[in-house]
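Hi,

Here is the structure I promised to pass on. Have a look at it first, and my notes follow below.

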Amino acid sequence: MLSGMATLSDQGHQANSGSSATATWLTHNNTPATSGAASVADTSLAQAPDMVNGVTPLPELLPAILKGIVMGTIIIAAVLGNALVIISVVRHRKLRIITNYYVVSLALADLLVALCAMTFNASVELTGGIWLFGYVMCDVWNSLDVYFSTASILHLCCISVDRYYAIVRPLEYPITMTHRTVCFMIANVWLLPALISFTPILLGWYTTPEHQEFRRSNPNVCIFEVNIYYMMISSGVSFWIPGVVMVTMYYRIYKEAVRQRKALSRTSSNILLNSIHQRHTSHHHHHSHYLHPSDSDMRVPHGMSSSGANSRQSSVRSTAYGTTAKTTVKTATELNMNGK
């Protein structure tokens with residue numbers, strides 16, 4: 001116990017000696033420390049105008065302001081345009097047809113893209129890539145973006161199928177595209193994207209373990225990095241399959257339109273030829289009301305000279321070929337004179 005007390009006494013002396021040495025060093029080096037603090041203070045004062053007031057120079061803010069105006073204009077235009085489409089169909093009874101069901105549903109999907117996806121993207125762009133809403137909201141934003149974008153593309157696919165039946169198979173269209181069929185297609189369009197958006201993204205199936213660890217350690221960064229399996233499935237459902245269907249449908253519609261245009265051209269030509277033929281026939285029928293040249297073989301009255309008979313025949317021929325009444329009267333006058 002005495003040895004322990006001696007040890008503590010030695011440590012106390014050492015601490016006191018260390019404290020005195022530190023005080024002595026500070027006393028001897030008081031002037032250099034003061035001058036260094038002054039230099040740091042001068043540097044801070046030199047940078048004070050921007051740091052204290054928090055004001056960024058206008059040339060640095062101008063690109064962000066322009067970007068914000070452009071993105072805000074796009075978002076507002078998308079919201080108002082799609083809202084007008086929905087309101088127009090709802091208010092006007094004549095627009096409430098089966099085809100416009102797809103249009104209204106597509107407008108709703110695009111409106112939600114503008115509200116739920118484009119707004120968060122604008123915030124990331126304006127803050128220089130900094131995510132301000134936390135780890136969970138990053139997954140929610142990515143899910144909404146994939147969900148509404150895929151739903152919009154699938155709506156376009158359904159519209160192409162609807163137009164195919166309406167143009168290429170018009171007789172089958174009322175039987176195939178019934179109210180029940182259209183509602184079933186729209187319901188699938190809204191349910192199918194959830195299988196490739198909320199389910200794999202919120203459960204973490206869409207990315208790699210390294211990216212998940214990076215996001216946990218950097219919650220202010222929201223990067224959508226996917227693995228190879230999710231990329232193949234998502235791109236197939238969201239792009240390749242609808243793209244192939246739309247290209248096929250519109251190609252067949254184009255072929256049908258070309259065929260109908262050629263048939264219409266032939267029909268127009270036939271109508272024109274028939275019209276010309278009927279006009280020519282009616283003109284010939286109009287001339288047939290006059291005397292035919294064969295009717296000029298009539299008896300010459302006794303006492304009429306041969307010149308009078310020739311004049312009579314010429315008058316009849318001229319009348320048969322549609323000459324004017326004036327010529328006929330003139331010829332008859334000549335006949336009376338010759339008869340005398």
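Before the details, one cut-off: a residue is called buried when its relative accessible area is under 20%, and exposed when over 50%, with partly exposed in between. Keep in mind too that this is a predicted model.

On to the salt bridges, which come to five in the count. Take Arg215 to begin with: its relative accessibility is 3%, so it counts as buried. The side chain of Arg215 meets that of Asp139 in a salt bridge, 3.1 Å from N to O. Arg215 sits in helix α9 (residues 209-217) and Asp139 in helix α5, so this pair ties together parts that are 76 residues apart in sequence. Asp139 is buried as well, at 8%.

Glu125 and Lys67 make another salt bridge, with the closest N and O atoms 3.9 Å apart.

Asp162 is buried at 0% relative accessibility, while Arg163 is partly exposed at 27%.

Then there is the helix packing. Helices α5 (residues 134-167) and α7 (residues 179-191) pack at about 155°, with axes 8 Å apart. That angle makes them roughly antiparallel, and the crossing is right-handed. Residues in the contact include Tyr147, Phe148 and His155 of α5 and Met185 and Trp190 of α7. By class, the contact has eight nonpolar residues, one polar and no charged ones.

Cheers

Conventions: Residues numbered from 1 in each chain as written. Predicted model: local features only at pLDDT ≥ 70, side-chain atom pairs only at ≥ 80, totals over all residues. Heavy atoms only, no water. Axes fitted to C-alpha atoms, helices over the stretch in contact; angles between N-to-C directions. Helix = DSSP H or I, 4+ residues; strand = E, 2+ residues; numbered from the N terminus. Parallel < 35°, antiparallel > 145°, perpendicular 65-115°, else oblique. Left-handed = near helix turned anticlockwise from the far one by under 90°. Contact = heavy atoms within 4.5 Å. Nonpolar A, V, L, I, M, F, W, Y, C, P; charged D, E, K, R; others polar. Salt bridge = Lys/Arg side-chain N within 4 Å of Asp/Glu carboxyl O. Buried < 20%, exposed > 50% of the residue type's maximum accessible area, 1.4 Å probe, protein only.
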